[in-house]
Structures are given as structure tokens and as C-alpha cells.
Amino acid sequence: MGNEQQRGRVRVEHSAKRVRAFFGGDLVADTTSPRLVWEIPYYPAYYLPLSSVRAELKPTGETSHSPSRGEGVVHDVVTARGTAEGAALIYTDSPIEELRDLVRVEFAAMDEWLEEDEPIYVHPRDPYKRVDVLGSSRHVRIALDGVTLAASSQPRILFETGLPPRYYLPLSDVRFDLLRPSDTQSQCPYKGTATYWSVEVGGKVHEDLVWIYRTPLPESQKVAGLACFYTEKVDLFLDGELQPKPKTPWS
């Protein structure tokens with residue numbers, strides 16, 4: 001990747017991936033020169049060349065101001081089968097010159113996004129993030145209010161850039177009698193769709209403390225069918241030593 005620009009907190013980079021967005025079954029945009037724009041530090045958004053847009057972009061009369069990107073004109077995305085209201089932003093007079101001929105299409109407003117021919121979820125993947133899953137013989141014990149929830153000497157440790165290590169444990173090493181089914185699901189652009197359990201200890205239910213990726217994305221296949229606990233909310237003993245709780249958005 002090249003042609004990097006920085007203005008304050010915003011970084012703009014070219015991507016070599018073909019990117020397509022669909023709404024209501026219709027193609028909204030198709031480009032081989034998308035831009036990755038870091039509007040926030042955690043992950044980028046896709047900005048697409050206006051010339052790549054196949055749908056109608058209809059101004060709503062509203063604007064959205066950004067201190068770094070300037071005044072964005074809000075547009076509806078209109079296809080033959082429907083309208084995604086307010087789903088596009090165009091910064092025609094942005095102080096960041098490269099953004100002026102691009103459109104930001106709201107990721108969640110589209111039905112499907114493809115990088116090349118593969119779907120992506122939640123948001124574009126950050127090219128500077130990586131996920132490593134390593135088998136380990138370190139002893140992991142998870143406890144809550146003095147009660148052991150899981151103990152294993154065969155964890156798989158998932159290291160993800162910018163996040164604390166996550167300890168994925170075989171289900172046979174987890175106290176299933178303390179788990180309670182949950183309807184919660186979440187999606188990760190690097191791992192796929194997770195389902196959850198709550199934990200009941202001492203008559204109190206602690207919501208959604210445990211998750212599992214039953215069919216993870218290819219790069220995270222090594223955690224398939226393993227259980228992971230929010231170490232922000234439970235006690236983690238690693239080789240017998242209590243670890244400090246990490247500080248994250250889930251703390």
C-alpha cells in the first residue's frame with residue numbers, strides 16, 4: 001500500500017482489493033481502487049470512487065460535519081429495489097483533497113460487501129492487524145467469585161493486534177453445569193460469528209461471559225468449537241498465577 005496521507009487523526013491509503021457493495025440484491029458500487037480511511041483509530045472505513053457507484057446517490061439536504069474531513073453531504077442510496085436512507089456521505093470540499101471524489105457508504109446499511117469474491121463482515125479488515133492462534137501447554141484456570149469455571153492444560157491462545165490474549169479452551173475442560181444458554185450473537189471481521197453463554201454462580205447470572213466460534217473464518221479455524229471467557233470479568237490464573245484484568249471496551 002502507498003500514497004499515504006495524514007491529516008490529524010485521519011489516514012488515507014489505497015487498497016489493491018476489488019470491493020463491491022450490494023443493497024436489496026442490486027450492485028451499489030464496484031471498484032478496484034477503494035481507499036481505506038481511518039476515521040477512528042480502531043479500524044478503517046471504505047471510501048469508494050464516485051465513478052464506481054452504480055446506484056443513484058440522492059442528496060437528503062442534510063450535512064454531517066467532521067473537524068478533519070469537513071462538511072459531508074448526506075445522500076440516500078437508491079436502487080431499483082429500495083432505498084438505504086442516509087447511507088452515503090460525500091465530502092465535496094474536504095480539506096483532505098483525496099476524499100473529494102470519493103463516497104463513504106455506510107457499511108452496516110448495505111446487505112453485502114465483498115473483497116474480491118469473499119464476503120466481509122462488520123467493517124473492513126485493517127491491513128495492520130493480524131490474528132495468530134497458537135497451541136500451548138500453559139495451564140489456564142478461569143474462576144468467578146471463587147468458583148472454578150474452567151481449567152485446561154491445552155489452551156489455544158489467540159493473539160490479536162491491539163487486544164489482550166484470548167484463551168480458547170476445549171469444551172470438555174469447561175464446567176457446563178454452570179453455563180446458561182444465551183441468544184446473543186456477535187460478528188468479528190477476523191473470526192466470524194460468535195454465540196454466547198451466561199454463567200450462573202451462587203444464584204447470580206452473569207450475562208454473556210463465554211463465547212464460541214463454531215464455524216470461524218479460515219484464518220481463525222484453530223479456535224473452532226472452543227470456549228473463551230471475558231478475562232475482563234473473570235479471574236484468570238495462568239500457570240497458577242492470578243493475572244491482572246485487562247482494560248478494554250468490554251471491561
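How do the residues of the lining of the second largest pocket divide into nonpolar, polar and charged? In this predicted model, local features need pLDDT of at least 70 and side-chain atom pairs count only at pLDDT 80 or more, whereas totals for chains, interfaces and linings use all residues. Residues are numbered from 1 along each chain as its sequence is written, and side-chain values use heavy atoms, with hydrogens and water left out.

The lining of the second largest pocket comprises twelve nonpolar residues, one polar and three charged, where Ala, Val, Leu, Ile, Met, Phe, Trp, Tyr, Cys and Pro count as nonpolar, Asp, Glu, Lys and Arg as charged, and the others, Gly among them, as polar. A pocket is an open set of points on a 1 Å grid over the protein atoms alone, where a 1.4 Å probe fits, with protein on both sides within 12 Å along at least five of seven lines, and lining residues have an atom within 4 Å of a point. The volume of the second largest pocket is about 210 Å³, taken as the space filled by probe spheres set on the points, which are joined across faces, edges and corners. Of its 16 lining residues, Tyr43, Ala45, Arg104, Phe107 and His123 are the closest to its centre.

The largest pocket holds about 740 Å³ of space, and among its 29 lining residues Lys129, Glu160, Leu163, Cys188 and Trp250 are the closest to the centre. The lining of the largest pocket divides into 18 nonpolar, six polar and five charged residues. Its largest share, three residues, comes from strand 18, strands being DSSP runs (E, at least two residues) numbered from the N terminus.

Conventions: Helix = DSSP H or I, 4+ residues; strand = E, 2+ residues; numbered from the N terminus.
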